Amino acid sequence: MSPEDPRSHEERRAVELLTRVPYGRLATSMRAILTVAPARHVVSDGCVLLRLHGGPGYHQACAGSVVAYGADNLNSGAAVPWSVQFTGTAELIQPTDAQIESFGPTPHHVDGEPFEPVYMRIKPQFVTVHTLDYFEERHHRHAG
């Protein structure tokens with residue numbers, strides 16, 4: 001780890017993996033009921049920025065609360081599937097024009113409603129990386 005980058009190896013690896021996929025799932029609690037919502041993400045200044053549909057009001061439950069955000073490549077057919085999870089406090093933000101552009105095009109509709117973008121920032125406090133290795137390493141050891 002370089003002195004300029006205070007993040008752990010696992011956090012750097014999780015961020016690198018997160019940049020490989022555009023969407024993930026935001027988990028929060030609304031009135032004591034667990035809710036999971038799809039979101040578009042980008043990484044900026046060590047934080048995970050999210051764009052999600054504001055219609056259902058998930059962002060209101062998230063603001064100032066601890067949330068989890070996860071993404072994966074589990075259905076990609078990759079040789080080594082992975083999953084990452086970032087847990088931290090969510091903050092509603094107004095992103096810069098450059099950040100908005102980095103999210104790419106917005107959907108026109110979500111669940112039949114016009115898309116209303118809402119943006120949040122999660123500064124990770126806990127980061128988890130899971131990998132599923134289906135290939136058994138074969139090491140041949142010679143007895144001496």
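Two strands pair if DSSP finds at least two bridges between them. The model used here is predicted.

**Exercise 1. Strand partners**

Task: Which sense does the pairing of strand 3 and strand 8 take, and over how many bridges?

Solution:
- Strand 3 covers residues 47–53.
- Strand 3 pairs with strand 8 in the antiparallel sense, over six bridges.
- Within strand 8, Y119 stands opposite R51.
- Strand 5 (residues 82–92) also pairs with strand 8 in the antiparallel sense, here over 11 bridges.
- T131 in strand 8 is the bridge partner of W82.

**Exercise 2. The aromatic pair**

Task: How many aromatic pairs does the model hold? Is the pair of F103 and Y119 stacked, edge-to-face or tilted?

Solution:
- The count is one aromatic pair.
- The ring centres of F103 and Y119 lie 5.4 Å apart, and the planes meet at 55 degrees.
- Stacked needs under 30 degrees and edge-to-face over 60, the rest being tilted.
- At 55 degrees the pair of F103 and Y119 is therefore tilted.
- The pair links distant parts of the chain, 16 residues apart.
- F103 sits in the loop between helix 3 (97–102) and strand 6 (109–110), Y119 in strand 8 (residues 117–131).

**Exercise 3. Burial**

Task: Is F103 buried or exposed? Is Y119 buried or exposed?

Solution:
- Buried means under 20% relative accessible area.
- F103 has 1% relative accessibility, so F103 counts as buried.
- Y119 has a relative accessible area of 9%, so Y119 is buried.

**Exercise 4. A charge over a ring**

Task: Over which ring does the charged end of R40 sit?

Solution:
- The ring belongs to Y23.
- The charged end of R40 is 5.9 Å from the centre of that ring.

Notes:
Residues numbered from 1 in each chain as written. Predicted model: local features only at pLDDT ≥ 70, side-chain atom pairs only at ≥ 80, totals over all residues. Heavy atoms only, no water. Phe/Tyr/Trp six-rings, centres within 6.5 Å; stacked < 30°, edge-to-face > 60°. Helix = DSSP H or I, 4+ residues; strand = E, 2+ residues; numbered from the N terminus. Buried < 20%, exposed > 50% of the residue type's maximum accessible area, 1.4 Å probe, protein only. Lys NZ or Arg CZ within 6 Å of the ring centre and 35° of its normal.
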